[in-house]
Amino acid sequence: MLFSNENIATYINFNFEPVWVSVRPVPRVTIDFGNDVIVKRTLHGNVATYACTAEGKVLDILPGIYEPVAYLDRLEQLRLLHKWIAGARDEATMAGLLMGYHQRQLDSLESNQPHLKLAEYPMASITGAEQGTRIVLEPARRIAARRAAAHTERATAPGDSRDLANWEALFIDTSVNEQIRRRDIHRHLLEQQVLVTPEQVTKWLYREVLHADLDDPYLGLGNVLFDNYPFANRD
Amino acid sequence: MKTLQVLTMMLAALAVAVGDTNVTTIPGKQETGERVTPPARPIQPADLTKMRIERPLEKALSDVNKSPTQSDTLATGSRQPERADVGKRIIEFDLESAIASAGEDSVPDTALAESDLPKLAIEAPVEQILSSGPHRPDNPHVLPGLVNWHADIESACRASEHSGKPVLLFHLLGQLDQEFT
């Protein structure tokens, strides 16, 4: 549903080279209520958004699903991060910059502060002519001001209870993603000390952060399938 | 001697049953040709205990492994072997094994035997399917949003080299281009 949002889709198409990959099947359940009402849904589905370099190295990860306004904002952060890192002359320099980024974000989150934010400012020469931009991590007070603005925007946005993108639970999930799950991700990427590929972190991410073990043959339904199995002792 | 007496009594009983009294004689009376009626046998209740009706479980289990194959049966022209009275473990294979063996060809022989159903019992006739109107698949294909996705990560990385844009890799459980993901 996020990718059916015109603002998000346009932003992605304009600023990224997008690709989706299925990492595992998802279990589906069908509940027939017996009165011609049938409900189908998935269980234990989960997603992750990676920002990567052209060499396929991970810059940062957004775990889980976000509400649209926050997702768009984080996509902008990922774009700026790539722009900031891409200026490095070699991979070692790039890794150093990236480790510094993850360290500062981790410090902020462990101090119960929100994520630091990258901001792009125009750079002017002595003559006043604009010479590109510079990207910095913004101080916390600026972030607080932005958060207040985003809150106002959210409160005044037209709501539609039928639209899952405006579902209240999404805001809660977004907050957990930002404060808890991303903290674990920053720590893990920092521990690697080198640039890693998505394949090197995906299983860890799903098992430790999203709590969906990709190697689980029962797709996370083992307890449901076997806890009440009446013939367990007989078999 | 006892066996001879038993046989004689059985013959006598058979003769009574078919109405032929000529063959019914008693030893020692043959010289006179006197017809006699055989003594009535006490009727014994039939042995219908569980052991006579059902085969012992141990035998049934051992027969499962050495039951003749279909080709053997055809060659000898004998009847299909009696279905063994076997336990749940033999008939069903437990859920863990079923899930673990999905996609493998390791289905137990007993399961194959149980699933030998005629085609019509399994598939609906084509006419019936066609007359039921458009079929809605279980998990229909949908457009994966409004994003212009690359086909795979390699092509996304190649495009990134040319455009200078970062790769946005979206991982998910299930398929983004299916309704239920």
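**View 1. Order of elements in chain B.** From the N terminus on, chain B runs α-α-α-α-α-α-α-α-α-α-β, that is, 10 helices and one strand. Helices (H or I, at least four residues) and strands (E, at least two) are DSSP runs, numbered from the N terminus. This is a predicted model, in which local features need pLDDT of at least 70, side-chain atom pairs count only at pLDDT 80 or more, and totals for chains, interfaces and linings use all residues. Residues are numbered from 1 along each chain as its sequence is written, while chains are lettered from A and ligands numbered from 1 in the order in which they are written.

View 2. Of the 181 residues of chain B, 10% count as buried (20 or more other C-beta atoms within 10 Å of the residue's own, with C-beta atoms placed from the backbone). Among contacts (C-beta atoms, placed from the backbone, within 7 Å) between chain B residues at least 6 apart in sequence, 39% join residues at least 24 apart.

**View 3. Helix α2 of chain A.** Helix α2 covers residues 68–86 of chain A, 19 residues in total, and reaches 27 Å from its first C-alpha to its last. This is close to the 27 Å expected at 1.5 Å a residue (1.5 Å times one less than the number of residues). Its buried residues include A:Tyr71, A:Leu75, A:Leu78 and A:Trp84.

**View 4. Surroundings of A:Val201.** A:Val201 is found in helix α6 (residues 198–209) of chain A. This residue is buried because 20 other C-beta atoms lie within 10 Å. Leaving aside neighbours within four places in sequence, A:Val201 is in contact with A:Val58, A:His188 and A:Val196. The C-alpha atoms of A:Val201 and A:Leu189, 12 residues apart along the chain, are separated by 8.6 Å.

Notes
A residue is buried if 20 or more other C-beta atoms lie within 10 Å of its own, exposed if 12 or fewer, and partly exposed in between; C-beta atoms are placed from the backbone. Two residues are in contact if their C-beta atoms, placed from the backbone, lie within 7 Å.
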